[in-house]
Structure formats: C-alpha cells, structure tokens
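Visitor: Hi! Could you walk me through this protein in simple words?
Guide: Happy to. Let's have a look together.

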Amino acid sequence: MKSRLLTPGPSPVPEETLLEMAKPVPYHRTPEMRQLLIEVTQDLQYVFQTKNPVLTLTSSGTGGMEAAVVNCVAPGGKVICLIAGRFGERWRNLAKVYGAEPISITVPQGQAVQPEQLAQALAQHPDAVAVCCTLSETSTGVGHDVAAFGKLVAKTPAVLLVDAISSLGVMECRTDDWHVDVCVTGSQKALMLPPGLAFVSVSPKAWDLIDRNPTRRTFYFDLKKAKTNLEAGETPYTPAHTLLRALKVSLNRIRAEGIETIWKTQARNAAAARAGFQAMGLEIFATRPADGLTVARVPDGIDGSVLLSKLEKQYGLKLAGGQDNLKGKIVRLAHMGYIDQFDVLAALAGVELVLKEMGHPVEVGKGVAAAQKVWAKGPSVVKLG
C-alpha cells in the first residue's frame, strides 16, 4: 500500500530533493557553500516577492517568529495580535515571553479577523509598535486579507509581522507590495523540505525599528548579526547546510514552474477539495478559506480521530485532525508543495469510503466527481489579483 502524506506540515518532499540529502556531508565554511547561500537567498527573494534580504535560520518556523518579536519589540511595547486560531495565539504568547503588551483581537474559530477590526485597534492604540497576524491559520484553515492589513499598518509607525509558514509558496503572498515588514516561513511546508529551517524577510521600516531597539535580548536569533553574516555569504552559527543544498533543488522546481502558476494551481486544488467535501455533506470549517489546506467539519456522530486512523491504516492516507478543543471534530487536508490534484482525489475517495463504513449517509464517488468538475472547468475558474 502506498503511503501519502497529506498533512499541512510536514509535507511530502520530491525525490530529487531527497536524493540531494543522501550525498556526503561537506564542510560548511567553503566558497562553494557561500555561493550556495547567495543563490538560495536570491531564489527565496523570488518566492517571498521581496527585494529585501531573506535571512535563513536553523530552526523551525516558530524560531523565525520568535526572532521577529525579540528583534522588533522592546519590553513594554504594544503588540496588536490578530488571533483566529492556535498560531495567532503563538504571536501573543511570544509577545508575553519577551515582556511586550499584547493587544488581542480574537475571533471565533473558523472566522477571519476583518480589516475593520484592525483599523479600530490601530486607532485605539496609536502607540502600537507591531501588528502580528497569520496569512494562513493552519489550525482552522482560515486565510487572512494580509494585503488589506498591510495598507492599514503602512500608514502608522507600527510594523506588520506575518506568519506565512503554511502559506508562502502556495498562496499569493506579495511581501513588498503588501507592506509586510517581517515575513516568516518554514522549510517543511510549501518549500518541500523536512523541518529544520526558518526564513525571515525584513523591510527597511523593520530594520529601522530593530536599530532603535536597545534591548534585543537574544543571542542565537539576532537578526542584525544574521544580516551582517549574510552579506559575506555566511551564517553566524553552524547552518543546516545539507538542508540548504536540498532547498536549492526544491527552489529550482518552484522557479521552473513559476510562483504565480503555483498559486493558481493550488487555488484550483483548494476549490476542488472544498467542492469534494461539500458534496459529501461536510461543512467547510473556515468562513474565509486558505488555499494551502482545506478544513472540513466532521459530521455529527462520527469520531474524527477514528476516521483519520482508518484512513491511514486502511488506505495509507495521512491527513491531520484538529488541535485542542477541535480534536476529533475536524479533518485537515493539505494541498501545498509536492501535493497535486491526484493526491487530493485520493484523499477525497478515502474519506468517502471511511465515512460510508462508519455509517455516514454518503454517496460514494460524489465528492470525487465534484472535485473533478472543478478541474474540468480549467484554469479560468481561479483568478489572482
């Protein structure tokens, strides 16, 4: 039985990228590795859609978020946190750890924070130094209007910090055009690598704030030190350089396909996944769905944990469930990176079969057919901009 990893992180890694990691481990302070870091940084700028340096950290994506907070926000600074789920809460928790004052704008699970709510918060807190949000809230499948957030924050002294960990490289993300000051992502999502690397882009506005922050209480996550080293083609500390070599392979793949083509392709896959779940009678959990994953509510009377276990054991399909109070209540299907339309079809087919087995009145094949109809309409069903 073939196993399919269809979780929103880690995601599948292409064979040629895996083969790159099978090569002997080289020394990390050589001209070849310096050139590799320079090339990878340029490719990352393309994926981020930024002219600013993209710093590579050996950490998970959370390390990149922590770096954003500790470098930009001094103790006592106000941070507006836009919270639509667990990863919005992570921004708030990081702010608390470093002595900042979080101002929480929280919406019910499955809903998105609206630009009007941010505008009101900025008016109430004109002394806020940062606004933190997620482009894709992975815990609920919500996608946020970061372009609108950026327009609002750009008019203020505050900087916009964006968790794009499960969205960069799969959803439209125009870092510079959207006035995103610090954009963070991780290696194990749409960039098609194992976990272990975080990437952080920093705008001139954010660098100015960092320069004025006299209390950067960090050693490993010092972004100024990372920037200085990057200018020489180096990292401050030992990098995960085998992952960097593999990253170059995955980034070549992204370059060859084209980032806008990828956005359109995965938006179609997302539309197909939503249509498939809805045709089975399942409700889409997010009111404003992200395009990197689809989250569906498990029908009443069905244990979502059992459903996921059967999917994996009987059909080799590994989907993700809910976290915390959503455990057993939702299923999360990723469509990012090295996941294509036939992986989505396989997932939908498996869910239909298991739901039927568990007594849910589903017409087998109806969800798959609904998804196929979306793809049959062609690329014109999805537009960017």
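Visitor: What radius of gyration does the protein have, and what would a compact globule have?
Guide: The protein has 21 Å, and this agrees with the value near 21 Å for a compact globule of 385 residues. The radius is taken over C-alpha atoms, and the globule rule is 2.2 Å times the number of residues to the power 0.38. Please keep in mind that this is a predicted model: local features need pLDDT of at least 70, side-chain atom pairs count only at pLDDT 80 or more, and totals for chains, interfaces and linings use all residues. Residues are numbered from 1 along each chain as its sequence is written, and side-chain values use heavy atoms, with hydrogens and water left out.

Visitor: What box do the C-alpha atoms fill?
Guide: Roughly 60 × 55 × 35 Å, taken along the principal axes.

Visitor: And how many helices and strands are there?
Guide: There are 13 helices and 14 strands. Both are DSSP runs numbered from the N terminus: helices are H or I with at least four residues, strands are E with at least two.

Visitor: In what order do the strands of the open sheet come?
Guide: Seven strands line up as β2-β10-β9-β8-β5-β3-β4, with mixed pairing. Two strands pair if DSSP finds at least two bridges between them.

Visitor: Which strands stand at the edges?
Guide: Those are β2 (54–57) and β4 (101–106). Each has a single partner strand, so one side of each is left without a neighbour in the sheet. From one strand to the next, the twist averages 20°.

Visitor: Parallel or antiparallel: how does β9 pair with β8, and how with β10?
Guide: With β8 the sense is parallel, over three bridges, and C183 in β9 is the bridge partner of V162. With β10 the strand β9 runs antiparallel, joined by five bridges, and there T185 stands opposite F199.

Visitor: Is β9 buried or exposed?
Guide: Five of its five residues are buried, where buried means under 20% relative accessible area, exposed over 50% and partly exposed in between (1.4 Å probe, protein chains only). V182, V184 and G186 are on one side of β9, with C183 and T185 on the other. For the protein, 58% of the 385 residues count as buried.

Visitor: Which strands does helix α3 lie across?
Guide: Helix α3 (residues 61–72) lies across β2, β8, β9 (182–186) and β10 (198–202), at about 160° to β9. Axes are lines fitted to C-alpha atoms, for helices over the stretch in contact, and angles run from 0 to 180 degrees between N-to-C directions.

Visitor: New topic! Which residues touch the most other members of the largest nonpolar core?
Guide: I80 and F277, in a core of 128 residues. Helix α12 (residues 341–357) gives the most to this core, with eight residues. Such a core is a set of buried Ala, Val, Leu, Ile, Met, Phe, Trp, Tyr and Cys residues joined through side-chain atoms within 4.5 Å.

Visitor: What is F277 in contact with?
Guide: Leaving aside neighbours within four places in sequence, its contacts include L282, V331 and L348. Contact means heavy atoms within 4.5 Å.

Visitor: Last one: where is T41 found, and what does its side chain reach?
Guide: T41 is found in helix α2 (residues 31–48) and is buried, with a relative accessible area of 8%. The side chain of T41 reaches the backbone oxygen of L37 at 2.7 Å.

Definitions and conventions: Polar contact = N/O pair within 3.5 Å; in protein donor to acceptor, adjacent residues only side chain to side chain.
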